[in-house]
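Please look through the sequence and the structure below before reading on.

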Amino acid sequence: MSRSDRVAERIKIEVSDIIARQVDDPRIGFVTITSVKVTPDIKYAKIYLSVLGSEEEKKEALEGILSAKNFIKVKLCSKLELRSMPEITFEFDASLEKATKLWTLMQKIK
C-alpha cells in the first residue's frame, strides 16, 4: 500500500468522523464518505460522498459540506501528522445510485 493510499484511507476515516460528530449543520443529512483519492505527492485529496435523499436534499447537503470545508480541514489537520495538508475537494459519488438503478432493472427483467 502506497503512502498516498494510506493517507487517503486515514482522511476517509477522519472526515467521516468529523462530519458525523462535529459538523453541526441541519442541511447535512445522512452523508457517507465512499472513497478518497489522493495524488501521489499528497497535495490534493478528492473526497467522494454519497447522500441519501432527493436531489434537493443532496444539493443542500453539498452546500453544507462546502460551507464547513475550512472547519473540516482544520480538524483534519489536527488529526493527521503531515508536513503539509492536502487541498481537499468534495464530489458526489454516483456509483451507488447507478448500482441501485442497475439492480432495479435486473429485477424487472427477472
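How many bridges join S1 to strand S2? Seven bridges join S1 to S2 (residues 44-51), and these two strands run antiparallel; strands here are DSSP runs of E with at least two residues, and helices are runs of H or I with at least four residues, each numbered from the N terminus, while two strands pair if DSSP finds at least two bridges between them. This is a predicted model, in which local features need pLDDT of at least 70 and side-chain atom pairs count only at pLDDT 80 or more, whereas totals for chains, interfaces and linings use all residues. Residues are numbered from 1 along each chain as its sequence is written, and side-chain values use heavy atoms, with hydrogens and water left out.

The strands form an open sheet of three, in the order S1-S2-S3, with mixed pairing. Strand S1 (31-38) and strand S3 (87-92) are the edge strands, each pairing on one side only.

Ala 8 is buried, with a relative accessible area of 8%, where buried means under 20%, exposed over 50% and partly exposed in between, with a 1.4 Å probe and protein chains only.

Leaving aside neighbours within four places in sequence, Phe 90 is in contact with residues including Val 15, Ile 47, Leu 49 and Ile 72.

Note on methods. Contact = heavy atoms within 4.5 Å.
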